[in-house]
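Please look through the sequence and the model shown here before reading on.

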Amino acid sequence: MTTFRPSEIHQLAIQAKLNFAVGARIYDDVFAGLEVLEIVGEELRGWATSEYRAAVIDIHFSAELARIAQAVTGRPVRRTSFVLRG
């Protein structure tokens, strides 16, 4: 299983595309403080600023985030897993 750690440029591109895709209000409510840590196999792993935000991302925005991360990094992403930072 390969591990890919996105650069700061990848991180910023993912955040910008998410903001454009979901809109500023939803982005600020759900994705503020989001950090993509790594892509392991086909799973994107990251941190969110609260358990609530992590759950909302995984339940409602997993497919959109996977699509965007795949486009930015060029790596296959099929699922996401977010946890509380720290």
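Which residues does glutamate 42 touch, not counting residues up to four places away in sequence? Glutamate 42 touches Pro76, Val77, Arg78 and Arg79, where contact means heavy atoms within 4.5 Å. This is a predicted model, in which local features need pLDDT of at least 70 and side-chain atom pairs count only at pLDDT 80 or more, while totals for chains, interfaces and linings use all residues. Residues are numbered from 1 along each chain as its sequence is written, and side-chain values use heavy atoms, with hydrogens and water left out.

Glutamate 42 lies in the loop between strand S2 (35-40) and S3; helices (H or I, at least four residues) and strands (E, at least two) are DSSP runs, numbered from the N terminus. With a relative accessible area of 32%, glutamate 42 is partly exposed, a class that falls between buried, under 20%, and exposed, over 50% (1.4 Å probe, protein chains only). Tyrosine 52 is ten residues from glutamate 42 along the chain, and the C-alpha atoms of the two are separated by 24 Å.

Tyr52 belongs to the exposed side of H3, together with Glu51 and Ile59. The buried residues of helix H3 (residues 51-60) are Arg53, Ala54, Val56 and Ile57. Seen down the axis of H3, these buried residues fall within an arc of 165 degrees, so they line one face of the helix; the arc is that of the directions from the helix axis to the C-beta atoms. Among the elements that cover them are helix H2 (24-31), strand S3 (43-48), helix H4 (62-73) and strand S4 (79-84).

Helix H2 also packs against another helix. The axes of helix H1 (residues 8-22) and H2 come within 6 Å and cross at roughly 125 degrees, the axes being lines fitted to C-alpha atoms, for helices over the stretch in contact, with angles from 0 to 180 degrees between N-to-C directions. That makes H1 oblique to H2, since angles under 35 degrees count as roughly parallel, over 145 as roughly antiparallel, 65 to 115 as roughly perpendicular and the rest as oblique. The contact is made by Gln15, Leu18, Asn19 and Val22 of H1 and by Ala24, Ile26, Tyr27 and Phe31 of H2.

H1 meets H4 as well, their axes coming within 9 Å and crossing at roughly 135 degrees, which makes H1 oblique to H4. From H1, the contact is made by His10, Ala13, Ile14, Lys17, Leu18 and Ala21, and from H4 by Glu64, Leu65, Ile68, Ala69, Val72 and Thr73.
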